[in-house]
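Thank you for making the time this morning. I would like to take you through one model, strand by strand and then around its ligand, so please keep the display in view while I talk.

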Amino acid sequence: MLTEPQKNVSLAPFNSLALPALAGRYVRVTASEQLMALTGTRRCFVLGGGSNLVLTGDFDGLVLHMAISGRALIGEDAHAWRVRAGAGENWHDFVQWTLAQGWPGLENLSLIPGTAGAAPVQNIGAYGLEVAERFLWLTAFDLQTGKSARFEREDCRFGYRDSVFKREGWHLNGRYVITEIVFELPKRWTPLTGYADIGEWLAARRISTPSPGNVADAVISARRRKLPDPARLPNVGSFFQNPAVDETKAVELLELYPDLPRYPQPDGRVKLSAGWLIERAGWKGKRIGPVGMYEKHALVLVNHGGARGLDVVALTRAVQSGVSEKFGVELQPEPVFL
Ligand code: NAP
């Protein structure tokens with residue numbers, strides 16, 4: 001088990017935007033025991049699947065590349081299954097495995113790239129489900145104290161594509177390293193079919209009482225149709241968060257743009273579609289140098305070849321300005337910038 005960091009390791013193969021960058025020091029972590037030897041290390045970055053990351057340049061700290069595997073049923077009662085995933089497990093494979101075991105509940109999150117350990121960091125979500133809704137607890141190794149700590153759901157302070165790990169930059173400052181996650185999958189299963197992509201897929205097949213597998217297939221089909229495969233066209237999925245505006249602003253925009261997609265939220269705010277705003281601001285399919293907004297889905301920033309981090313930063317700013325000038329709405333990027 002190699003714990004001694006390697007020097008000047010290329011991170012290009014480990015980020016789905018295929019951006020070039022060197023890690024000053026790098027360790028591939030396959031067991032939580034390796035972390036013990038790294039106690040006291042400062043300036044760490046915890047890398048999962050690299051599918052939500054923009055590398056803006058070389059990183060002079062220590063990159064911990066999480067590759068801890070393992071998945072198991074750790075408990076069950078009349079109400080739920082409790083299932084554990086090692087932080088390095090591929091998220092989609094893990095979801096498909098739970099479905100194959102007959103434990104539904106994560107099917108709407110099929111085909112999201114990345115690792116299980118990264119899922120709670122940005123509270124991944126899709127098609128009406130967030131990981132926080134199935135989360136029970138996680139274990140994180142504290143690099144300052146050399147001890148593992150358990151984080152319950154309240155400790156993670158989940159928000160929209162957000163958690164304490166992302167918000168407070170703990171993973172960047174290198175204090176807590178998530179090593180395993182436990183999910184609670186309720187035995188009373190209800191299909192979540194409210195999003196048009198799922199409803200239309202089921203209707204086309206005349207499926208009125210869908211199985212978990214049907215819902216997973218609908219999600220997989222929609223994602224394959226709309227999103228570019230990072231292996232062919234490097235990207236990090238949705239590049240901007242959907243903005244939430246107050247009702248006054250939503251009404252003002254609706255008068256100007258009657259076809260504005262809008263989704264009222266429980267807190268009274270109104271969620272807008274970032275993809276729609278970007279498209280209507282004229283950025284769909286538009287490029288600056290080697291990067292552009294994908295021609296089939298305006299929310300996805302793609303690397304057409306040879307891009308560097310600063311190209312991505314320039315396009316990010318240009319799209320933000322374009323949307324802000326046209327709609328008076330500020331977009332925030334979804335990925336982490338390092
Ligand atoms: P879409 O169906 O074109 O809809 C655009 C946006 O409107 C979505 O982002 C979604 O917000 C919202 N929306 C649509 N139907 C909704 C409903 N019935 N109730 C509430 N909000 C609704 O979206 P899309 O881009 O193809 O994405 C479909 C789903 O996959 C979304 O949930 C999206 O977040 C997810 N996705 C995630 C990533 C990623 O990298 N993180 C990439 C692609 C797609 P929400 O995003 O809040 O759901």
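This is a predicted model: local features need pLDDT of at least 70, side-chain atom pairs count only at pLDDT 80 or more; totals for chains, interfaces and linings use all residues.

Phenylalanine 135 stands opposite phenylalanine 183 in β12, and that pair belongs to the antiparallel arrangement of β10, residues 135–142, with β12, residues 176–186, which are joined by 7 bridges. Strands here are DSSP runs of E with at least two residues, helices are runs of H or I with at least four residues, and both are numbered from the N terminus; two strands are said to pair if DSSP finds at least two bridges between them. Residues are numbered from 1 along each chain as its sequence is written, and side-chain values use heavy atoms, with hydrogens and water left out.

Strand β10 is also joined to β11, residues 147–152, by 6 bridges, again in the antiparallel sense, and in that pairing lysine 147 is the bridge partner of aspartate 142. The two strands form a hairpin with 4 residues between them, and glycine 146 in the turn has a positive phi of about 75°. As for burial, 8 of the 8 residues of β10 are buried, where buried means under 20% relative accessible area, exposed means over 50%, and partly exposed lies in between, with a 1.4 Å probe and protein chains only. Leucine 136, which lies in β10, has a relative accessible area of 19% and is therefore counted as buried.

Let me turn to another strand. In β19, residues 300–303, Val300 and Val302 point one way and Leu301 and Asn303 the other, and all are buried. Strand β18, residues 291–293, runs antiparallel to β19 and is joined to it by 3 bridges, with methionine 293 opposite leucine 301, and the two form a hairpin with 6 residues between them. β19 also pairs with β13 in the antiparallel sense, over 2 bridges, and there asparagine 235 stands opposite valine 302.

Now the ligand. Which residues come nearest to it? Of the 19 residues around the ligand, they are Tyr195, Lys226, Asn242, Lys271 and His297, where a residue counts as near if one of its heavy atoms lies within 4 Å. Three of these side chains place a polar atom by a ligand oxygen: lysine 226 at 2.5 Å, asparagine 242 at 2.8 Å and histidine 297 at 2.7 Å. Taken alone, the ligand exposes 790 Å², and the protein buries 80% of that, with areas from the Shrake-Rupley method and a 1.4 Å probe. The elements giving two or more residues to the shell are β8 (125–126), α7 (212–226) and β13 (235–238).

Finally, helix α6, residues 196–204, has Asp197, Ile198, Trp201 and Leu202 buried. These four lie on the same side of α6 because they cover an arc of only 125° around the axis, the arc being that of the directions from the helix axis to the C-beta atoms. The face turned away from that buried side carries the exposed residues Glu200, Ala203 and Ala204.

How values were computed:
A polar contact is a pair of N or O atoms within 3.5 Å; within protein, one must be able to donate a hydrogen and the other to accept it, and residues adjacent in sequence count only if both atoms are side-chain atoms.
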